[in-house]
Amino acid sequence: MIRWDVIQGNLPLIGTKFLEHLALTVVAVVGGLVISGIAVVLIRDRPRIVALVTGFFSIVYTIPSLALLAFLVPLTHLSFATAEIALVGYTLFILTRNLLAGLASVPRDALEAADGMGYGRTRRLWQVEVPLALPLIVAGIRIATVTTIGLVMVTALIGFGGLGQVMLRGYNFRNDTLVLVGFVLTVALGLLADLGLGWLGRAITPWSRARAG
Amino acid sequence: MAATVTFEHVTKRYPGSAASRPGAVEDLSIEVPAGKVCVLVGPSGCGKTTSLKMVNRLIEPTSGRILIGGEDIASREVTDLRRSIGYVIQQVGLFPHQTIGENIATVPRLLGWDADRRRERVDALITLVGLDPAVHGDRFPAQLSGGERQRVGVARALAADPPVMLMDEPFGAVDPIVRERLQNEFLRLQADLAKTILFVTHDIDEAIKMGDLVAVMEVGGKLAQFGTPDEILANPASDFVARFVGADRGLKRLALTRVESLDLRPAVTARVGDDSGEARRRIVADPFEFLLLVDAANRPIGWIGQRQVPASGALTESMASAMSPLLDGKTTLKDALAMLIDAEVQVGIVVDGKGAVQGLVTADEITAYGRRDASASGAPGGAMASLR
């Protein structure tokens with residue numbers, strides 16, 4: 001039932017859409033990271049505002065993706081912006097929550113020592129807090145990335161979608177091979193991203209596995 | 001390099017609360033001379049840690065001023081001030097993501113030292129605190145034992161050779177055996193470094209052991225007494241201080257003083273082979289009823305009772321019937337007393353490094369010392385001088 005000639009004939013399309021899928025994901029996760037990072041740094045000392053912002057992000061997170069796209073299209077049309085607004089929106093809840101948890105996981109005594117030795121606020125954030133929060137931050141990035149890889153499919157409905165487009169085309173032309181190729185590549189991308197980020201996370205936090213003996 | 005630290009009428013109140021709120025400090029005025037260790041001690045909530053943290057401005061006083069080397073710390077830029085003060089806390093607070101070497105280099109890095117100078121300093125400090133740069137330098141804190149982490153904490157605080165160090169229960173998180181070893185190492189280090197150190201503890205024994213000066217604080221942040229350990233043990237200023245230092249304060253004073261600072265009682269001695277008639281005449285004239293038999297090098301062999309000394313002939317080793325504990329000048333009075341209580345003859349023989357008799361000390365003389373007040377004590381320069 002897999003027709004290799006179909007794959008061969010559509011190789012340029014599959015390649016382009018794979019890269020597009022990757023690009024949509026990376027832009028969404030990086031954009032989400034920047035936005036949630038700035039938000040967290042600005043609000044983290046004010047628990048009420050933290051509750052408000054994370055509450056808002058969690059509401060966004062619960063909106064069904066189709067409904068969100070339908071809501072956005074009249075505002076931002078069938079554009080890249082529309083796709084990314086939706087994708088970024090879904091990452092914010094996961095990333096914000098993990099950034100906050102990561103910063104909260106930094107040992108208090110390390111912070112007190114940093115203050116007592118004369119770290120300024122900014123230097124303390126980048127040289128002490130962020131490195132120590134990395135295990136949870138990277139965990140958040142993994143979840144957000146895998147989630148986004150799945151969600152990118154849905155943006156096929158507004159003309160993007162990466163591998164979602166390949167599957168949609170296969171569905172429209174009753175071409176099972178294309179459907180299968182889109183499916184397999186999406187799953188493979190998700191798995192690779194998960195494994196790759198997991199490896200990266202361990203590589204940049206050698207201290208987290210250091211034990212006595 | 002050290003600087004005097006002065007508290008002038010320092011008060012810390014917390015908003016909307018009485019002065020007795022835990023951590024408050026009320027009108028604290030003390031001066032810690034350059035190069036001395038001042039221990040702030042008291043029950044929890046007495047404001048000792050607050051007082052410490054006001055020195056590096058982790059907490060700002062409500063009123064009053066703190067001077068380091070005569071300069072008001074409020075006029076210093078806060079991060080500059082902190083980089084010039086060593087800071088050690090109970091949980092150590094090493095950065096888990098940095099190696100031991102990187103941790104120790106923290107303040108030099110903040111001060112912008114170049115890499116070569118930092119590495120040289122780090123290796124010297126790791127060695128100074130009794131670890132090995134080649135072994136420990138590239139490890140992470142999680143790979144060290146509790147005692148090793150505490151040592152690294154001290155090394156990190158010393159990194160930029162600060163004139164003043166603040167130590168907040170620095171040995172509180174390790175077991176008693178390791179704690180005692182760290183305390184002794186620290187006293188040895190301090191004997192060379194001579195930093196001005198403010199040291200917080202809730203343990204009066206640690207305060208007495210570590211402090212040149214001890215500030216006893218009570219709940220409400222009031223200074224109950226400020227003085228040398230010997231003064232505080234000998235003359236507690238109030239019932240609170242007396243209770244806090246404990247009913248065994250006489251015994252604690254004994255632990256502060258060494259045998260060498262007592263006036264030793266001369267021993268009546270005779271060598272093996274000496275004429276016993278002559279020895280007998282000398283011992284009968286002495287109120288103490290035992291003759292100490294010694295060998296040719298003046299090393300003690302044993303006691304001979306007054307009546308057992310023959311009227312004529314030569315003294316022999318077999319005449320000695322009992323021996324008592326040998327003490328050297330460095331033995332603390334507390335240890336000496338413990339040895340004497342168990343001994344057959346409750347007189348300690350003080351010997352020098354070669355084992356030769358220097359004199360005698362009795363259990364009664366030691367207990368009498370424990371009862372005397374500080375002004376009458378024979379220890380010159382206070383008890384700590386005799387400890388160092």
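Strand 14 (residues 326-328) and strand 15 of chain B pair in the parallel sense over three bridges, where strands are DSSP runs of E with at least two residues, helices are DSSP runs of H or I with at least four residues, and both are numbered from the N terminus. Two strands count as paired if DSSP finds at least two bridges between them. Within this pairing, Leu327(B) has Val350(B) of strand 15 as its bridge partner. Strand 15 (residues 347-351) of chain B is largely enclosed by the rest of the structure, because four of its five residues are buried. Here a residue is buried if 20 or more other C-beta atoms lie within 10 Å of its own, exposed if 12 or fewer do, and partly exposed in between, with C-beta atoms placed from the backbone.

This is a predicted model, in which local features need pLDDT of at least 70 and side-chain atom pairs count only at pLDDT 80 or more, while totals for chains, interfaces and linings use all residues. Residues are numbered from 1 along each chain as its sequence is written, and chains are lettered from A and ligands numbered from 1 in the order in which they are written.

Another covered element of chain B is strand 3 (residues 37-41), where five of its five residues are buried. In a regular strand the side chains alternate between the two faces of the sheet. For strand 3 of chain B, one side holds Val37(B), Val39(B) and Val41(B), the other holds Cys38(B) and Leu40(B), and all of these are buried. Strand 3 of chain B pairs with strand 8 (residues 196-201) of chain B in the parallel sense over five bridges, and with strand 9 (residues 213-218) of chain B, also in the parallel sense, over four bridges. Val41(B) takes part in both pairings: it stands opposite Thr201(B) in strand 8, and its bridge partner in strand 9 is Val216(B).

Further along chain B, three strands form an open sheet in the order 11-12-13, with mixed pairing. Strand 11 and strand 13 stand at the edges with a single partner strand each, so one side of each is left without a neighbour in the sheet. Neighbouring strands of this sheet are turned by 35° against each other on average, direction ignored. Strand 11 and strand 12 of chain B run parallel and are joined by three bridges, and Arg271(B) stands opposite Val294(B) in strand 12. The loop between strand 12 (290-294) and strand 13 (300-305) of chain B contains Asn298(B). Asn298(B) has a positive phi, near 70°, in a residue other than glycine. This residue counts as partly exposed because it has 15 C-beta neighbours inside 10 Å.

Helix 13 (residues 276-285) of chain B has the buried residues Ser276(B), Ala279(B), Arg280(B) and Ile283(B). They cover an arc of only 100° around the axis (taken from the directions from the helix axis to the C-beta atoms), which puts them on the same side of helix 13. These buried residues pack against strand 11 (269-271) and strand 12 of chain B. The face turned away from the buried side carries the exposed residues Glu278(B), Arg281(B) and Ala285(B).

In chain A, helix 2 (residues 11-43) and helix 8 (residues 163-172) pack at an angle of about 135° with their axes 7 Å apart; axes are lines fitted to C-alpha atoms, for helices over the stretch in contact, and angles run from 0 to 180 degrees between N-to-C directions. That makes the two helices oblique, since angles under 35 degrees count as roughly parallel, over 145 as roughly antiparallel, 65 to 115 as roughly perpendicular and the rest as oblique. Leu13(A), Ile14(A), Lys17(A), Phe18(A) and His21(A) of helix 2 meet Leu163(A), Gln165(A) and Val166(A) of helix 8, where contact requires C-beta atoms, placed from the backbone, within 7 Å.

Arg142(A) lies in helix 7 (residues 121-152) of chain A and counts as buried because it has 21 C-beta neighbours inside 10 Å. Not counting residues up to four places away in sequence, Arg142(A) touches Asp194(A), Leu197(A) and Gly198(A).

Conventions. Two residues are in contact if their C-beta atoms, placed from the backbone, lie within 7 Å.
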